[in-house]
Amino acid sequence: MSGDIRFYGAFKDELGLKTIPSRRIAKDTYEIFIGPQHPGSGHMRIIIKVDGDVIVEAEPDIGYVHRTMEKLGEIRGWIKPIPLFERMAIHDACNITLPYVRAVEKLMGVEAPERAKYLRVLLCEINRIAAHLYGFAIFGIFLGHSTMYMWAMGDREVWIELAQELTGARLTHSYPVPGGVRRDIHDEYPDMVRRAIRYMRKRLEDYRKLFLDNPVIKSRLEGVGVISKKQVVELGIVGPNARGSGVAYDVRLADPYEVYDQLDFEIPVFEEGDALARTYVRVEEIKQSMNILEQVVDWLEKHKGEPIIHESVSSKYGPVHKKVLQEQRRAKLLPLHATMKVPAGRAIGRGETARGEVIYYVESDGGLNPYRVRIVTPSARNAIAFKYALPGHKVMDLPAIYGSLDYFPPESDR
Amino acid sequence: MAPKPAVKTLPRRGSLIDGVKGNLQALIVGLKYFLDPKRFTLVYPKEYSKLPKGYRGFIILNKQKCISCAACARICPSAAMKMIRIPVKDPKTGKTRMKQYPVINYQRCIFCGYCVDVCPTEALYHVPYHDVVYENLSEMFWDLETFQKEPEYKTAKEGSPVKFLIHEEYGLIKVPAEEGG
Amino acid sequence: MVLDVVEAILGFPPVWQVLVVGFGFSLLVSVVAVWFERKTAARVQRRLGPYWASPRLGGLLHLVADMLRYAFQQVIIPRGVDMTPFLVAPIVGMVISILPVAVVPFTSNPQYWPLPPGAMEYSLLIALAITTLPPIFIVAAGWASNNKFAVIGGLREAFIITAYELIAILGFLAVAAAVGSFNLAVIAEAQNPVKWFMLLNPLAFLAVIIAVAMSTSAFPFEIPESESEVVAGPFTEYSGLLYALNMGGAYMRRFIYGILIALTFMGGWAPYNPGEGIFAGYIVPSLIVTVKALIIVLAISFLRAVYGRYRLDQALDIAWRLTLPLALLGLALGIIQAFIGLA
């Protein structure tokens with residue numbers, strides 16, 4: 001390091017990517033508060049200090065949409081927190097609630113039937129695709145690419161339509177319940193999924209031509225916001241952001257839940273660690289999710305009529321319940337679900353949401369309410385990346401890095 | 001049959017020729033959609049989307065089936081549903097006694113459908129629409145009478161119903177649906 | 001007496017050309033251009049775009065409604081601003097952006113030239129000189145706003161000026177060199193009927209188009225107003241009519257550049273030959289030029305649907321490393337063309 005040239009946040013020498021040199025931090029840096037009421041910030045504030053046009057210091061200031069999820073989870077029984085926790089990542093509803101349901105199931109000592117597990121995976125992957133498309137949309141508009149915004153939001157509608165057909169609600173599905181799922185698919189559903197997959201594969205080709213291979217977008221993303229493998233491990237960054245930096249960590253791989261260990265799919269990993277790599281991880285994940293969906297609907301077609309809710313529930317079904325399950329394919333809840341008691345104990349639920357690993361620590365004292373629900377969401381773990389990825393970049397790189405991290409403030413603030 | 005990690009390589013920015021090619025490619029795709037947009041916009045007041053049968057819309061009470069078990073009020077995550085006590089005349093004995101019935105506050109309801117799923121007699125059911133307009137907030141408190149009749153689907157009167165089907169080429173396509181909410 | 005003076009002022013060709021063509025047409029064109037931009041973007045994005053204000057016109061009146069809204073909206077002036085430049089900058093900036101029309105000939109008939117033939121000899125230079133002025137007022141507006149985002153936006157504008165100005169001028173001069181005259185009428189006449197410089201000198205044409213896109217902050221160079229970091233750039237603190245003037249100014253400048261491009265690169269009134277009389281000698285050729293300018297404006301508007309925005313340093317990089325050599329090559333090509341007498 002010679003003279004006045006210094007490197008800020010430059011960690012990426014070994015892979016030969018260009019680092020951005022800057023002058024020594026001057027005393028007269030310019031402090032800019034971006035957010036929380038700002039078109040390019042989301043519900044958070046990023047305090048940046050700029051020296052000329054170069055960010056020398058960045059501070060993510062989280063907490064703007066804090067809603068006391070953990071505390072509220074302690075006062076409303078065991079089944080009612082499910083619709084509540086969905087509100088953390090509303091477009092990724094099944095993924096974010098499934099680990100909680102699984103933790104409660106562990107405490108109760110029940111396990112969902114095979115078909116329910118496949119149905120959960122079905123909705124999880126639909127959610128994952130929709131959430132990635134949502135991320136793309138926001139990313140597109142951050143880079144000024146309004147067409148990407150509209151396209152991704154429009155194509156997300158296809159997946160939302162599928163989720164609505166399955167669960168009856170577009171976003172807040174409240175689909176998994178302890179012991180199983182609430183609804184089964186109808187006979188035309190697998191074909192709907194297959195059509196949607198074929199459509200999306202065609203569209204991804206158009207996305208590539210218009211957005212990913214667009215020289216403007218490529219030059220905005222390449223070598224920007226590099227987070228090294230070492231840094232990812234040290235900071236505990238999860239999800240596509242970790243996989244974009246060469247860390248092959250995915251809960252579906254490390255600790256397969258539901259039926260992920262019976263499905264054949266790849267976990268895409270890129271070594272570069274820049275914004276482009278993180279973007280490509282998402283593209284590849286959409287492709288892999290579609291592979292999973294194909295396998296899942298094939299399985300579901302072969303195994304019609306299997307139970308979708310655990311015996312402990314279905315054995316208590318009366319004639320009305322059975323009729324509804326037969327005719328409408330709805331697994332009704334029992335009145336005891338409202339005042340459920342869960343044996344005392346502690347359980348951890350892990351799951352891979354679209355943004356990374358979510359962890360629920362659920363403790364029960366044997367009562368009507370959880371004693372403690374601790375939630376660690378992927379965005380909460382990724383927020384720290386701003387502090388290390390932003391310095392050394394231009395102010396105009398801020399939206400590119402923000403969008404590529406796919407940070408979602410309501411999920412982080414809980 | 002198990003997930004496996006796969007390290008992939010990133011397409012890199014190439015020479016000037018690649019740049020020109022990328023620009024042309026993007027412009028051609030843009031022009032393609034300019035000529036044939038493949039829209040599936042719902043032109044809202046002219047058309048409205050007829051939602052499928054299982055849609056979790058407004059919740060309506062069938063009073064005849066209600067057995068006053070209060071399971072719906074107990075499971076409601078947002079405390080939108082409450083039980084009220086009203087005097088009911090017993091047809092056999094002719095005596096008046098107090099019976100419980102649910103009422104709902106649609107300011108709070110989050111349409112999770114737990115109450116419908118928990119109802120042991122299927123007395124509660126969803127209607128497949130949710131865009132009902134209220135002139136003031138107090139109208140959103142439904143008393144027992146309102147709770148029993150399906151709300152008027154006013155937007156339906158202005159347009160024609162369509163439903164969306166998933167299509168390989170267009171993503172979603174609109175097809176006309178039958179009348180009715 | 002007073003009427004005579006008024007008539008003399010309004011009858012002075014540069015004045016009514018600025019008022020009618022400059023202000024009237026450019027207002028109309030900016031409405032159409034904004035409408036087209038929104039409609040094109042909507043089509044590419046599989047949406048409807050503006051529609052409900054007038055379904056039969058495809059929502060064209062939506063923009064009129066927008067303009068009316070801006071006109072009657074409350075103008076909020078924050079306490080911290082430097083009042084005089086804050087108010088003066090958008091107004092003067094817009095007036096200056098349409099001023100180049102004052103020297104532009106819309107016909108080969110010298111009777112209807114805005115300037116006497118002697119002064120017309122320098123019309124291209126005068127027009128180009130005036131087009132370089134408005135950005136100063138954008139920078140001033142940003143500085144006067146006393147807002148961090150506005151200051152950054154203004155600085156970006158200042159950076160961009162340095163990049164595109166030279167390119168635009170060199171690109172236009174390539175044509176002047178080929179023809180051997182700065183007279184726009186002579187330049188346009190030299191291309192009649194189909195010897196357009198767009199085809200003869202595509203390098204300079206491309207350079208000028210890129211420079212115009214940069215100058216009027218069109219995509220992919222919409223950097224000073226980049227919404228996702230600096231809100232609305234230099235115009236962050238503006239509201240109501242002043243904001244509309246600022247935003248409309250960009251479209252008007254694009255239209256004025258379009259007129260210059262139409263005259264220098266697209267043959268002006270070609271293939272039409274202006275005749276005698278006000279109709280054949282002025283109105284028809286000026287309409288042809290306007291339509292050609294409109295095509296340029298709409299083509300630049302289409303880019304919004306395809307591109308995101310470049311980073312500031314990348315835009316400067318493209319300007320200095322790619323487009324400036326292009327413009328210089330164009331100039332060289334123009335000189336060669338003049339040498340072999342092609343044009």
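Tutor: A residue is called buried when its relative accessible area is under 20%, exposed when it is over 50%, and partly exposed in between, using a 1.4 Å probe and protein chains only. This is a predicted model, in which local features need pLDDT of at least 70 and side-chain atom pairs count only at pLDDT 80 or more, while totals for chains, interfaces and linings use all residues. Residues are numbered from 1 along each chain as its sequence is written, chains are lettered from A and ligands numbered from 1 in the order in which they are written, and side-chain values use heavy atoms, with hydrogens and water left out.

The part to examine is helix α13 of chain C, residues 240-264. Helices here are DSSP runs of H or I with at least four residues, strands are runs of E with at least two, and both are numbered from the N terminus. Asn246(C) belongs to α13(C), and its 10% relative accessibility is why Asn246(C) counts as buried. Apart from neighbours up to four places away in sequence, Asn246(C) is in contact (heavy atoms within 4.5 Å) with Pro90(C), Phe235(C) and Tyr238(C). From Asn246(C) to Leu260(C) there are 14 residues in sequence and 21 Å in space, C-alpha to C-alpha.

The partner is helix α14 of chain C, residues 278-302. Two packed helices are described by the angle between their axes and by the distance between those axes. Axes are lines fitted to C-alpha atoms, for helices over the stretch in contact, and angles run from 0 to 180 degrees between N-to-C directions. The axes of α13(C) and α14(C) come within 8 Å and cross at roughly 120°. Angles under 35 degrees count as roughly parallel, over 145 as roughly antiparallel, 65 to 115 as roughly perpendicular, and the rest as oblique; α13(C) and α14(C) are therefore oblique to each other. On the α13(C) side the meeting residues include Arg254(C), Phe255(C), Gly258(C) and Ile261(C); on the α14(C) side they include Val289(C), Ala293(C), Ile296(C) and Ile300(C).

A nonpolar core is a set of buried Ala, Val, Leu, Ile, Met, Phe, Trp, Tyr and Cys residues joined through side-chain atoms within 4.5 Å. In the largest such core, of 197 residues, the members that touch the most others are Tyr100(A), Leu122(A), Trp159(A), Tyr360(A), Ile261(C) and Phe265(C). Leaving out residues up to four places away in sequence, Phe265(C) touches, among others, Phe172(C), Trp196(C), Phe197(C), Ala204(C) and Phe205(C). A second, separate core has 32 residues, including Cys66(B), Ala73(B), Ala123(B) and Met140(B).

Helix α11(C), residues 202-215, and helix α15(C), residues 312-340, pack at about 145° with axes 8 Å apart, and α11(C) passes α15(C) in a left-handed crossing. Ala204(C), Ala207(C) and Ile210(C) are among the α11(C) residues that meet α15(C), where Ala319(C), Thr323(C) and Gly330(C) are among their counterparts. Ile336(C) lies in α15(C) and is partly exposed, with a relative accessible area of 47%. Ile336(C) and Met252(C) are 84 residues apart in sequence and 34 Å apart in space, C-alpha to C-alpha.

In chain A, Glu352(A) sits in strand β9, residues 345-353, and is buried at 0% relative accessibility. Its side chain makes a polar contact of 3.0 Å with that of Arg243(A); such a contact is a pair of N or O atoms within 3.5 Å, and within protein one must be able to donate a hydrogen and the other to accept it, with residues adjacent in sequence counting only if both atoms are side-chain atoms. Beyond neighbours within four places in sequence, Glu352(A) is also in contact with residues including Asn95(A), Arg128(A) and Asp250(A). Helix α16(A), residues 397-405, is mostly covered, with 9 of its 9 residues buried, and Asp406(A), which follows α16(A), has a positive phi near 55°.

Technical notes:
A crossing is left-handed if the near helix is turned anticlockwise from the far one by less than a right angle, and right-handed if clockwise.
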